[in-house]
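Keep the sequence and the 3D view open side by side.

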2 protein chains.
Amino acid sequence: MINKLYDTSLSLLTDLYQLTMAYGYWKAGKAEQEAVFNLYFRKHPFQGGFTIACGLNSVIDYIQEFRFSPEDLAYIGSLKGNDGNKLFEPGFLDYLEKMEMQCNIDAIPEGTVVFPNEPLLRVQGPILQCQLLETPLLNLVNFQSLIATKAARMRLVAKDDVLLEFGLRRAQGPDGGVTASRAAYIGGFDATSNLLAGKLYDIPVKGTHAHSWVMSFDTELESFETYSQHLPNNVTLLVDTYDSLNGVRNAIEAGKSLRARGYDLGGIRLDSGDLAYLSVESRKLLDEAGFEKTNIVASNDLDEYIMDSLKIQGAKINVWGIGTKLVTAYDQPALGGVYKLAAIKSAGGEWDYKLKLSEQAIKVSTPGIQQVRRFSDNKGFVSDMIFNIENPLIGKSTMIDPYDFTKNRSFAENTHFEDLLVPIFANGKLIYSLPSIHEAKARVQDQLAHFYKGIKRFVNPHTYPVGLEKHLFDMKTELIMKLRQKEPEAL
Amino acid sequence: MINKLYDTSLSLLTDLYQLTMAYGYWKAGKAEQEAVFNLYFRKHPFQGGFTIACGLNSVIDYIQEFRFSPEDLAYIGSLKGNDGNKLFEPGFLDYLEKMEMQCNIDAIPEGTVVFPNEPLLRVQGPILQCQLLETPLLNLVNFQSLIATKAARMRLVAKDDVLLEFGLRRAQGPDGGVTASRAAYIGGFDATSNLLAGKLYDIPVKGTHAHSWVMSFDTELESFETYSQHLPNNVTLLVDTYDSLNGVRNAIEAGKSLRARGYDLGGIRLDSGDLAYLSVESRKLLDEAGFEKTNIVASNDLDEYIMDSLKIQGAKINVWGIGTKLVTAYDQPALGGVYKLAAIKSAGGEWDYKLKLSEQAIKVSTPGIQQVRRFSDNKGFVSDMIFNIENPLIGKSTMIDPYDFTKNRSFAENTHFEDLLVPIFANGKLIYSLPSIHEAKARVQDQLAHFYKGIKRFVNPHTYPVGLEKHLFDMKTELIMKLRQKEPEAL
């Protein structure tokens with residue numbers, strides 16, 4: 001559903017260079033050469049210690065809908081180069097028109113806790129098709145994983161409080177809002193104010209009212225009484241239009257009328273000022289008037305750091321309305337996921353492993369048809385090992401820290417583990433039964449509960465050990481050495 | 001076109017509270033009461049001195065498509081309150097189903113330079129309808145204005161260099177990418193890599209190739225030669241897969257083959273490392289080999305500050321490929337636009353002016369049916385004055401600084417001016433002929449050229465004077481005083 005954007009096919013939701021490379025592969029007779037790409041990120045967002053995988057459902061929708069429409073092909077056919085001549089010959093358009101998605105895709109399910117360098121998706125298939133998918137897959141997975149992670153951080157602070165996502169008005173476009181609502185729910189939010197997200201994704205919707213409601217009446221009390229009269233089972237009153245504590249008093253009056261009619265005051269909402277002070281004073285006023293169960297909702301540019309600070313200050317807030325800082329991932333609005341070629345099949349049918357060099361070790365990619373094995377003991381998860389599935393693991397396995405080869409650890413054959421990537425598409429056909437959004441949401445909390453708490457700290461979190469299986473590590477090292485000889489440094 | 005998201009009506013692209021308020025207005029007999037809302041922001045993004053208005057074309061699409069589908073109504077009808085009973089009675093769904101958009105909307109055209117507190121849009125109509133539009137209008141205008149502004153800042157640094165937008169893979173969802181491409185083009189970019197944006201909005205598309213292209217061949221030179229052979233009129237070679245300067249040498253070889261076949265080497269692209277040093281060395285290598293006209297494209301997490309620094313360092317870059325930092329507005333990923341009730345018509349047909357109080361002067365809203373008058377002299381624009389159109393300006397007019405009433409300036413009746421808001425919708429019907437994207441783009445540069453250069457500085461920019469016309473200022477002050485009496489402070 002999510003990908004039916006723009007009332008158009010989304011096959012053009014990619015970069016021109018994917019198409020020019022596709023053309024190059026096709027002209028060079030390489031279009032169908034089998035390749036493997038891994039989609040991964042290099043660093044946790046928010047200087048954190050974990051990331052939540054999210055976006056697979058959109059990837060599935062995207063690939064299932066993938067086709068070049070006649071309109072798309074006409075557009076592609078119209079593209080011109082620097083000299084004003086067309087970029088592509090007609091035979092290529094015919095090829096694209098008839099093309100059917102043949103890729104195998106394995107992926108880590110939504111809601112899984114993941115770490116740098118782990119392939120969230122592995123795409124295997126004709127290099128031309130793998131290449132076309134690079135941009136949309138990154139777009140879908142980068143953003144949703146970012147927001148699910150941000151939401152999970154807020155859930156860690158909120159503990160058992162209610163978390164409401166209110167971000168649509170400040171989100172990066174309609175989709176930035178609707179998709180963020182979904183990712184936030186998976187990451188740990190209870191509900192959204194966004195009706196379209198509620199309808200599309202079966203997310204509970206919640207809301208209060210705006211200042212304009214209050215301002216449209218002669219007095220605040222009149223506005224509260226009127227709202228309570230007509231929506232008696234949905235009353236959370238925004239009290240800061242004029243003065244917050246006076247607003248609480250008016251809300252209590254409205255609450256008394258509600259009780260007289262068999263309803264109750266659900267909550268009051270503070271949206272400005274000193275939330276620590278105001279929430280404590282509001283709680284007192286409410287309790288004194290017998291409204292001990294009335295929620296205190298707070299909003300106003302909140303994030304996990306401000307929530308944490310408010311809790312330390314003893315704020316009496318039990319419902320948090322969070323918008324901008326969540327849906328835009330304000331302090332780091334992009335996850336730097338990449339999609340790198342890791343192997344290509346030679347004419348002889350052998351895998352030719354590939355990597356990209358860089359002066360920075362963190363930017364050297366890892367070759368291989370990768371899978372991630374997550375080992376655990378009776379206390380929880382202990383290590384993740386990235387290995388090449390072409391290199392079956394027999395007996396004890398050893399993993400090496402990719403950035404410090406002197407660090408390694410071994411796992412006996414009977415160590416408990418789970419392999420994280422599961423088959424999603426085989427030869428372009430969906431073979432995965434997508435968990436519900438509620439299952440993905442539950443997975444986040446279940447996963448987090450099984451990790452050492454140090455990775456969940458905001459400041460200097462513990463680094464969970466992720467290594468390369470020894471054969472893969474050795475193969476990568478050898479490839480680097482070979483490449484540095486073949487393509488010598490100029491300096 | 002842009003709003004045909006999700007293969008569904010977008011009327012639910014709003015917050016639940018807009019709908020509960022709508023219901024409240026309807027039940028209270030106020031649904032059709034005429035109201036005026038202003039959409040404005042309080043602070044320039046990026047600590048800058050100007051903002052570019054953008055997103056009106058999406059607003060127009062949104063409003064023209066506005067209707068509640070049977071599916072939407074079924075969803076709304078299913079919503080429940082805290083007690084498990086339905087929120088809305090069936091008569092309200094009938095009302096929504098039959099509702100036709102009746103608002104008058106005036107707005108500042110896309111590409112106009114705007115300032116804090118100026119209404120980018122003014123919506124006048126039945127309060128129920130105005131309220132439903134709050135969330136989508138903010139969503140569309142906030143994001144697009146943010147990105148157009150970011151792009152305009154980059155254009156200021158780039159001067160006559162070429163600016164390419166490469167952000168789709170890191171954007172906040174598909175729409176975050178496609179809409180950002182459009183806003184970036186309006187703000188001053190020359191082209192995008194995003195094919196869907198190219199097709200939808202008539203934006204030129206440009207691109208190079210990826211590391212995977214190079215890695216899929218045995219040697220970099222072979223990959224360059226193959227690319228040049230098949231796409232001879234689109235050759236910009238990415239040189240940093242193994243070693244950048246060695247890559248430039250290989251590119252020069254490919255360039256020689258291109259020349260032998262009557263083509264030329266369009267450019268080389270640096271994507272990592274010390275871009276200042278590498279660009280200078282690359283320029284030398286290219287020039288020595290007779291490729292003086294070959295472009296040097298740079299990319300790698302660039303923004304206006306890095307571009308500025310690279311230019312100061314003497315970098316020989318003349319084409320800039322910019323992604324993440326532009327399309328997510330990385331250093332401030334949201335513009336804090338708000339939408340405030342400013343007037344409501346009383347039963348007697350008189351305007352009852354409205355404002356929202358706050359302890360912070362910057363958060364007190366301004367009442368009135370607002371228009372913005374931009375005064376100019378022979379050197380350019382000198383001041384903007386916000387006034388109430390119900391208060392016709394006759395003779396000399398005086399404006400007052402809203403945050404310092406001791407500061408004011410007067411304008412003689414014959415001072416040259418332009419009123420910025422123009423009619424877009426009258427009684428729900430579009431009466432505006434939307435300029436082309438190319439005209440909106442040209443407007444940005446034309447506007448910026450007419451402002452004092454101090455507002456275009458990145459550090460401590462000059463504050464362009466924007467004031468309230470004296471009658472409006474006095475009315476606002478009087479309203480504040482009255483409200484503070486009527487809704488007394490509790491402290």
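Strand β14(A) pairs with strand β18(A), residues 416-419 of chain A, through four bridges in the antiparallel sense. Within that pairing, R373(A) faces D419(A) of β18(A). This is a predicted model, so read each feature below as a property of the prediction.

What else does β14(A) pair with over eight bridges? Its partner there is β15(A), residues 380-388 of chain A, and this pairing is antiparallel too. The two strands make a hairpin, with two residues between them. R374(A) is set opposite D384(A) of β15(A). The side chain of R374(A) can also be followed to a ring: R374(A) lies over the face of F381(A), 5.4 Å from the ring centre.

Is β14(A) enclosed or open? Seven of the eight residues in this strand, which covers 370-377 of chain A, are buried, so β14(A) is largely enclosed by the rest of the structure.

Now move to chain B. Here six strands form an open sheet with mixed pairing. The order is β17-β16-β21-β15-β14-β18. At the edges sit β17(B), residues 404-411, and β18(B), residues 416-419; each pairs on one side only. From one strand to the next, the twist averages 35°. Such strands pair through backbone hydrogen bonds, either parallel or antiparallel.

Look at one end of that order. Strand β14(B), residues 370-377, is joined to β18(B) by four bridges, and the two run antiparallel. R373(B) has D419(B) in β18(B) as its bridge partner. A helix also meets the sheet. Helix α15(B), residues 470-486, lies across β15(B), β16(B), β17(B) and β21(B). Its direction is at about 80° to β21(B).

Next, go back to chain A and find helix α1(A), residues 16-27. The helix has twelve residues and reaches 17 Å from its first C-alpha to its last, close to the 16 Å expected. How many of its residues are buried? Ten of the twelve are, which leaves α1(A) mostly covered. Among the buried ones are L16(A), Y17(A), M21(A), Y23(A) and Y25(A). Just past the helix, G29(A) takes a positive phi of about 75°.

Y23(A) belongs to a cluster linked by ring pairs, together with W26(A), F88(A), F92(A) and Y95(A).

Over all chains, the structure holds 38 aromatic pairs. Two are worth a stop. The pair F451(A) and Y464(A) is edge-to-face, with 5.0 Å between centres and 75° between planes. Both residues lie in the loop between α14(A) and β21(A), so the pair ties together parts that are 13 residues apart in sequence. F451(A) is buried, and Y464(A) is buried as well.

The second pair is in chain B. W213(B) and Y227(B) are edge-to-face, 5.5 Å centre to centre, with planes at 85°. Why does this pair tie separate parts together? W213(B) lies in helix α8(B), residues 211-215, and Y227(B) in helix α9(B), residues 220-230, so the pair ties together parts 14 residues apart in sequence. W213(B) has a relative accessible area of 0%, so it counts as buried. Y227(B) is also at 0% and is buried.

K441(B) lies over the face of Y185(B), at 4.1 Å from the ring centre.

Finish with the backbone of two loops in chain B. K159(B) has a positive phi of about 50°, although it is not a glycine. The residue is in the loop between α5(B), residues 127-158, and β6(B), residues 162-165. Is K159(B) buried or exposed? Its relative accessibility is 59%, so K159(B) counts as exposed.

N300(B) is another residue other than glycine with a positive phi, near 125°. Its loop runs between β10(B), residues 295-298, and α12(B), residues 304-312. With 28% relative accessibility, N300(B) counts as partly exposed.

Key: Residues numbered from 1 in each chain as written. Chains lettered and ligands numbered in written order. Predicted model: local features only at pLDDT ≥ 70, side-chain atom pairs only at ≥ 80, totals over all residues. Heavy atoms only, no water. Expected span 1.5 Å × (residues − 1). Buried < 20%, exposed > 50% of the residue type's maximum accessible area, 1.4 Å probe, protein only. Pairing = 2+ DSSP bridges. Axes fitted to C-alpha atoms, helices over the stretch in contact; angles between N-to-C directions. Contact = heavy atoms within 4.5 Å. Phe/Tyr/Trp six-rings, centres within 6.5 Å; stacked < 30°, edge-to-face > 60°. Lys NZ or Arg CZ within 6 Å of the ring centre and 35° of its normal.
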